[in-house]
Amino acid sequence: MMHVGLTGGVASGKSAVAAKLASLGAVVIDADALARQVVEPGTSGLAAIKDTFGEGILLPDGSLDRPALGAIVFSDAAQRAKLNEIVHPLVREQAAALREVAAPGALVVEDIPLLVESGQADLFDAVIVVQAPHDERIRRMVQDRGWSREDAEARMAAQATDEQRAAVADYLLDNSGSLEELEAQVASLYRQLAPAQE
């Protein structure tokens, strides 16, 4: 099994890379999806978050109020660290369970937005980093996602820098062009990384 980490800053195009890898046959484990699962109502993750941050982070139906929690953690590194201490171990446990059931010889790609920030680069056979220009990423968050420029800048400031991500990259994908150009880079990389099928 080839075990690869995939990361990139918010709005870098990492999700497009993950989708293309999956379409080519890679087993993609989405850390963001797992992070949502481990804090669903009734989970130990949500109970720990409520105990740490208070009832104010819950919606009336008992589920997590993500905007309320985001307002606390994205502007305060200490609070963000507390949240990560709860969520990251649970996500890693779930990811390990998914790796266990991957077919022998599979290319397993873990899509982890905070791979660099959480110090996980050394856990992989290779790390793929997706990068896009700062101003283009801001444009995508504001125009495509409807965020304010302030929210976009705060989210970027809360993450590793491009230089920090590039420092752990075995493969750097440049997403400053079109989606077709990015997907061509991904297809070429997949051919390099995917184990030869018998």
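In which hand does H1 pass H9? The analysis rests on a predicted model, in which local features need pLDDT of at least 70 and side-chain atom pairs count only at pLDDT 80 or more, while totals for chains, interfaces and linings use all residues. Residues are numbered from 1 along each chain as its sequence is written, and side-chain values use heavy atoms, with hydrogens and water left out.

The crossing of H1 with H9 is right-handed, a term that applies if the near helix is turned clockwise from the far one by less than a right angle, anticlockwise being left-handed. Helices are DSSP runs of H or I with at least four residues, numbered from the N terminus. The axes of H1 and H9 (residues 179-193) come within 10 Å and cross at roughly 50°; axes are lines fitted to C-alpha atoms over the stretch in contact, and angles run from 0 to 180 degrees between N-to-C directions. H1 is therefore oblique to H9, the class left after angles under 35 degrees (roughly parallel), over 145 (roughly antiparallel) and 65 to 115 (roughly perpendicular). On the H1 side, Ala16, Val17, Lys20, Leu21 and Leu24 make the contact, and on the H9 side Leu179, Leu182, Glu183, Val186, Ala187 and Tyr190, where contact means heavy atoms within 4.5 Å. These residues comprise 9 nonpolar, no polar and 2 charged; Ala, Val, Leu, Ile, Met, Phe, Trp, Tyr, Cys and Pro count as nonpolar, Asp, Glu, Lys and Arg as charged, and the others, Gly among them, as polar.

For H6 (residues 134-144) and H7, the axes come within 9 Å and cross at roughly 130°, which means that H6 is oblique to H7. This crossing is right-handed. His134, Arg137, Ile138, Met141 and Val142 of H6 meet Arg149, Ala152, Glu153 and Met156 of H7, a contact with 5 nonpolar, 1 polar and 3 charged residues.

The largest pocket holds about 1400 Å³ of space. A pocket is an open set of points on a 1 Å grid over the protein atoms alone, where a 1.4 Å probe fits, with protein on both sides within 12 Å along at least five of seven lines; lining residues have an atom within 4 Å of a point. Grid points are joined across faces, edges and corners, and the volume is the space filled by probe spheres set on them. The lining has 22 nonpolar, 12 polar and 12 charged residues, and H5 supplies its largest share, 8 residues. His88 lies in H5 and touches Leu114 and Ser118, not counting residues up to four places away in sequence.

Note on methods:
Helix = DSSP H or I, 4+ residues; strand = E, 2+ residues; numbered from the N terminus.
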